[in-house]
Amino acid sequence: MERPQESAAHDHPPATALLATGDDVVKGEKSAYQKEERLLRPPSHLPQPEAPPGLTKVRSTGPDDERRPIDRSVSLKSTAATIDVSTIGKYLRDRGNVFSAAITKRISTLKEPPHDGGECDPAGSITEFHVSGLKVIVVHKGENVREEGETDGREIKGRVSFFSRSGCRDCGAVRSFFRDRAIPYVEINVDVFQERDKELVERTGSPAVPAIFFNEKLLGGLVALNSLRNCGEFERRLREMAGGRCPEAAPPVPAYGFDDEEELRRERPDAMVAIVRVLRQRLPIQDRIIRMKLANNCFSGSDMVEVIISHLDCGRKKAVEIGRELARKHFIHHVFRENDFEDGNNHFYRFLEHEPAIPRCFNFRGSTNDNEPKPAATVSQRLTKLMVAILEAYASDDRCHLDYGRIGASEEFRSRYVNLVKDLQRVDIFSLSADEKLAFFLNLYNAMVIHAVIRIGQPGEIDRRVFYCDFQYAVGGYPYSLSSIKNGILRSNRRQPYSLVKPFGARDKRLEVHASVPSSLLCLLLNPLIHFGLCHGTRSSPTVRFFSAQGVEVELRHAAREFFLGGVEVDLERRAVYLTKFMKWYSADFGQGKDILHWILNYMDATRAGLLTHLLNDGGPINISYQNYDWSLNC
């Protein structure tokens, strides 16, 4: 805008001006208003702004035209200067209509292919064009912008469901078909919901899976699905199913909780639970100072023997034997975990639920599981089947990305898994064979990571103690964190990186879990392969998987080969090898310098192995670098 230049006298009037008369002041104000800023109007070919009536205007049609000053003597709050709000609203609506009309005109006149990055269909009409800061997509009325089988956001009143089994390729193909087309579905895995296996046979006449249902109508398996899709019948049936509500005769959605009647019939209280309930009521449980340490909620061995004798009317020797059986079944423990059970006033014990760490365990829900402990092998197999089914349903095909939100909300997790891990509280781990024990702890670690992400969030880059040390399960009467499983059991009680102490002390009973392993398995436990079977919930960690006891070693080797497909890079020009960061952290397991390179040769693909072999054989120096570790959540 142009601004008239004014003298310094205008900016700083002399003091004598303040003594002017009233007429002089009015004349001075009028002269000032006549020197106001000039408004610049838009070009003539654009819409001209018009002030709503009711306001004093300052119009200027030319540089020499007379301008009328605003009457400053009239207050805006007075009735003479009242603003017409409705007129202003009409003015804004008119301006909006002008802009909309311009856009509409632009769309209707575009018939030639665009030159600004837009797109057009074969008929030549514009389907997309770009304006400043906007991307406009043109959809003619009645057109469907979706692929075959997609629901285009409409509500599906019916239900698509199918029966499946874990590890079934055809079931995976059906799952991918529905996912790719954004068709909501209900999957009923009969390995997880075993009570539904009978229903599958009743509805289809066969235990074969997959069995796809549109509402209550059986569509068939994968072959039938492909046939209907190829002939175009699938789309018609989908629309027909989507339009009507799902009848009660359709396969029901898996319900929350244990609805397996056979499983409930197998649940029975422990044979010792009756005496345990008596002891909980009659024993003098109190806090005591023992060896200069405070022991909470404990009782003496002699007190327990007296209560057993009084209740069962048995001898002292028999009472001591019962006490040892209760300790073996993890109903009670010595306050310092020094012995199973001894009679006397100098030996103090407490119930499992009174252990300081047990109530904080995430598989402890207010009370201990007093049912007869299931065989550890059975619990391990059920855990593996359940977690495999969860991965198939809620993870990407390559298992690199997990949908933790859907896992946490699923019936498989919040009912079946949460109830299953309660059976770990008093399970007998020592009954497992060597391979079973290794597969058990590998699978338990990966399952606990998923549970930890759901309950407390992803592991942090700086403070990871809450995730790896404070998140615990009660297993076989003892608390186990992710760190104690990895470093205490799988790495045979080795220090974790940047730590000065070992996970288990010299008198820790958990040392017996790996100390009792035969020497043939001990070398496997110390093998670095275990690192490729553990998923830490991060993008740089190996993909999540669950192992079978029968082939755990073979599966670990396969996991290592799969990881090194992208976990190692060889640069001949720079004579450099780039490895994952956790191999540096656990160099005590992998070795140093060229030793680690010779070890990874066994698990690399042929191309990279050939390049690395060339570097190792020519006798020159090799630079080993470590890639940055990505702590982002694998979701």
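Contact here means heavy atoms within 4.5 Å. With that in hand, welcome to this predicted model, in which local features need pLDDT of at least 70, side-chain atom pairs count only at pLDDT 80 or more, and totals for chains, interfaces and linings use all residues. Residues are numbered from 1 along each chain as its sequence is written, and side-chain values use heavy atoms, with hydrogens and water left out. Among contacts between residues at least 6 apart in sequence, 66% join residues at least 24 apart.

**The chain overall**

- The chain holds 24 helices and 16 strands, taken as DSSP runs numbered from the N terminus (helices: H or I, at least four residues; strands: E, at least two).
- Of its 635 residues, 41% are buried, that is, under 20% relative accessible area with a 1.4 Å probe, protein chains only.
- Carbon and sulfur atoms own 51% of an accessible surface of about 35400 Å² (Shrake-Rupley method, 1.4 Å probe).

**The open sheet and its helices**

- Four strands make up an open, antiparallel sheet in the order β8-β9-β11-β10, where pairing takes at least two DSSP bridges between two strands.
- Because β8 (286-290) and β10 (332-334) are the edge strands, each with a single partner, one side of each has no neighbour in the sheet.
- On average, neighbouring strands of this sheet are turned by 55° against each other, direction ignored.
- Four bridges join β8 to β9 (residues 293-300) in the antiparallel sense, and Ile 289 stands opposite Leu 294 in β9.
- Helix α10 packs on the sheet, touching β8, β9, β10 and β11, and its direction makes about 20° with that of β9.
- Helix α9 (residues 273-282) has Val 273, Ile 275, Val 276, Val 278 and Leu 279 as its buried residues; these pack against α10 (301-312), α11 (316-328) and β11 (348-351).

**Helices α4 and α6**

- The axes of α4 (residues 169-180) and α6 (residues 222-230) come within 10 Å and cross at roughly 35°; axes are lines fitted to C-alpha atoms, for helices over the stretch in contact, and angles run from 0 to 180 degrees between N-to-C directions.
- Asp 170, Ala 173, Val 174 and Phe 177 in α4 meet Leu 222, Leu 225 and Arg 229 in α6.

**Around Ser 541**

- Ser 541 sits in the loop between α19 (519-525) and α20 (552-563), and Ser 541 counts as buried because its relative accessibility is 7%.
- The Ser 541 side chain reaches the backbone nitrogen of His 536 at 3.4 Å, and a polar atom of that side chain lies 2.8 Å from the backbone oxygen of Thr 538.
- Beyond neighbours within four places in sequence, Ser 541 touches Cys 535, His 536, Phe 563 and Tyr 629.

Technical notes
Buried means under 20% relative accessible area, exposed over 50%, partly exposed in between (1.4 Å probe, protein chains only). A polar contact is a pair of N or O atoms within 3.5 Å; within protein, one must be able to donate a hydrogen and the other to accept it, and residues adjacent in sequence count only if both atoms are side-chain atoms.
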